[in-house]
Amino acid sequence: MLSLIESKATKLETYYKPEDLKKFGNIGEFDKPLADKFFEWYGEVFKEGALTAREKSLIALAVAHTVQCPYCIDAYSNDTLQKGCTEEQMMEAIHVAAAIRGGSSLVHGVQMMNHTKKVMM
Amino acid sequence: MKSLRAEGHALSDSAVQLEQLHQGGIESFADKLSTLGLFPLKPTRIDVFQVNVGKMCNQTCAHCHVDAGPDRKEIMSRATFQQCLEILAIHDIPTVDLTGGAPEMNPEFRWFVEELAKLKKHIIVRCNLTIINANAKYHDLPSFFAQNGVEVISSLPHFTAMRTDRQRGEGVFERSIDALKRLNAEGYGIEGTGRMLHLVYNPTGAILPGSQTELENLYRAELMRQHGISFNHLYVITNMPISRFLNFLLMTGNYARYMNQLFDAFNPGAASNVMCRNTLSIGWDGSIYDCDFNQMLDLKVASKSNHISSFNLEELSGRNICVDQHCYGCTAGSGSSCGGQTA
């Protein structure tokens with residue numbers, strides 16, 4: 001019986017739980033001084049500056065896709081919507097991230113070509 | 001699209017809505033106010049007499065808390081309007097806020113506005129814009145508003161057609177833009193004319209609104225750039241989890257998440273500035289409520305004076321305001337009211 005329950009529980013386990021996003025602030029439980037510094041800095045970064053808060057939110061959405069963080073994708077999908085961004089703007093931002101990500105692989109093709117040309121007759 | 005009432009939907013029953021709002025294990029709003037020393041919630045002073053002149057509307061918006069639409073026939077009678085005028089003539093309540101439905105569809109609307117102008121009241125009309133071009137008999141509404149010194153407040157949930165039409169119906173954005181141009185042509189929203197035109201943003205979905213200042217700047221730039229349209233202010237309003245928006249939340253599996261968002265974003269500053277503290281809301285049949293949302297949930301004021309036929313301002317000013325779980329909608333983030341953010 002126990003193994004059945006355990007197996008069911010294992011099936012339901014996931015690494016990412018949506019409710020964990022709300023617990024982000026709890027990272028201070030294991031190291032408060034560093035967490036406090038991080039959250040203070042994080043707050044400053046996203047304030048209106050030379051870039052608008054809306055532009056920063058779109059950048060964050062794009063980066064969230066590059067680092068493939070489900071928490072960040074949920075959070076910044078909401079945030080960009082709240083800031084009045086359109087679906088087109090959000091998708092264009094993700095294409096920018098994807099283009100850089102794809103381009104960064106392809107540009108290493110030059111390194112492959114350099115190596116190949118060096119070693120081959 | 002039919003109203004929930006016409007469909008015979010369970011949520012057209014306010015008792016079913018209230019029962020649903022009590023599910024989800026969120027701390028009671030009354031307890032939350034108690035922790036701030038704000039319970040029972042009391043009025044400050046009555047500045048706004050908001051009259052919901054009826055549920056009839058030319059639109060059937062997907063989020064409507066009134067469940068208004070062309071199939072709703074409940075509208076205020078001339079006798080009830082007359083009772084409102086008698087109250088307003090003898091009490092120092094400066095602002096009269098007319099809402100619906102589409103208030104202009106009530107046959108007594110123009111007469112009532114003219115009578116209010118004679119009483120020198122500050123008149124607000126919540127105009128859905130598309131009524132202006134719905135029929136030739138409404139085309140002169142902008143000049144009628146101007147002649148009577150009416151302040152116009154109109155919903156435009158986004159500056160793109162896609163998002164506006166998803167909430168308010170196919171083609172509504174284009175017709176709203178046309179109506180806004182007609183209002184601008186009459187001087188509404190144009191600096192220096194004194195003719196006030198405010199827009200209302202509310203999210204097209206299960207999210208909270210962003211900053212009112214940021215969205216106002218964005219709207220101002222985009223509406224001018226794309227359509228040459230001006231307006232005075234943008235009011236940012238949170239969608240209340242009642243009626244059609246509650247149905248949307250339940251149908252899309254967003255209910256628990258949305259209620260938790262409202263709860264997590266509870267702002268004590270917004271709680272002390274909620275609009276029910278300076279407003280009375282009158283229903284089409286003359287019943288008195290604390291706000292238009294309580295009206296749609298059939299939560300009458302907790303006072304013997306719960307109908308305009310027994311109106312007693314002193315008694316109403318001392319009443320305890322009825323609160324329930326939907327009130328988290330007015331206290332989330334920067335707060336929400338018929339006049340936008342409150343904190």
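## Close-up views of a predicted two-chain model

**View 1. The open sheet of chain B.** In this predicted model, eight strands of chain B make up an open sheet whose order is E6-E5-E4-E3-E2-E1-E7-E8, and the pairing within the sheet is mixed. Strand E6 (233–236) and strand E8 of chain B stand at the edges, where each has a single partner strand, so one side of each is left without a neighbour in the sheet. For chain B the average pLDDT is 97, and 100% of the residues score at least 70, while the model as a whole is given an ipTM of 0.80 and a pTM of 0.91.

**View 2. Strands E2 and E3 of chain B.** Strand E2 (residues 95–99) of chain B pairs with strand E3 (residues 122–126) of chain B in the parallel sense, and four bridges connect the two. Along this pairing, B:Val96 has B:Ile123 of E3(B) as its bridge partner, and B:Leu98 stands opposite B:Val125, which also belongs to E3(B). Because four of the five residues of E3(B) are buried, this strand is largely enclosed by the rest of the structure.

**View 3. Strand E7 of chain B and its two partners.** In a regular strand the side chains alternate between the two faces of the sheet. With strand E8 (residues 288–289) of chain B, by contrast, E7(B) pairs in the antiparallel sense over two bridges, and here B:Ile282 stands opposite B:Ile288 of E8(B). The hairpin of E7(B) and E8(B) has five residues between the strands, and in this hairpin B:Gly286 takes a positive phi near 95°.

**View 4. Helices H7 and H8 of chain B.** Two packed helices are described by the angle between their axes and the distance between the axes. Helix H7 (residues 161–168) of chain B packs against helix H8 (residues 172–185) of chain B at an angle of about 105°, and their axes are 8 Å apart. Because angles of 65 to 115 degrees count as roughly perpendicular, H7(B) is described as roughly perpendicular to H8(B). H7(B) contributes B:Ala161, B:Thr164, B:Asp165 and B:Arg168 to the contact, and H8(B) contributes B:Val172, B:Phe173, B:Glu174 and B:Ser176. Sorted by class, the residues of this contact are three nonpolar, two polar and three charged.

**View 5. B:Glu174 in helix H8 of chain B.** B:Glu174 is found in helix H8 of chain B, and because it has 14 C-beta neighbours inside 10 Å, this residue counts as partly exposed. B:Thr331 lies 157 residues from B:Glu174 along the chain, and the C-alpha atoms of these two residues are separated by 33 Å.

**View 6. The contact between chain A and chain B.** Eight residues from chain A and eight residues from chain B take part in the contact. On the side of chain A that touches chain B, the elements that give two or more residues are helix H3 (53–66) and helix H4 (70–82) of chain A, and the largest share, three residues, comes from H4(A). By class, the residues on this side of chain A divide into two nonpolar, four polar and two charged.

Conventions:
Residues are numbered from 1 along each chain as its sequence is written. Chains are lettered from A and ligands numbered from 1 in the order in which they are written. This is a predicted model: local features need pLDDT of at least 70, side-chain atom pairs count only at pLDDT 80 or more; totals for chains, interfaces and linings use all residues. pLDDT is the predictor's confidence in each residue, from 0 to 100. Two residues are in contact if their C-beta atoms, placed from the backbone, lie within 7 Å. Ala, Val, Leu, Ile, Met, Phe, Trp, Tyr, Cys and Pro count as nonpolar, Asp, Glu, Lys and Arg as charged, and the others, Gly among them, as polar. Two strands pair if DSSP finds at least two bridges between them. Axes are lines fitted to C-alpha atoms, for helices over the stretch in contact, and angles run from 0 to 180 degrees between N-to-C directions. Angles under 35 degrees count as roughly parallel, over 145 as roughly antiparallel, 65 to 115 as roughly perpendicular and the rest as oblique. A residue is buried if 20 or more other C-beta atoms lie within 10 Å of its own, exposed if 12 or fewer, and partly exposed in between; C-beta atoms are placed from the backbone.
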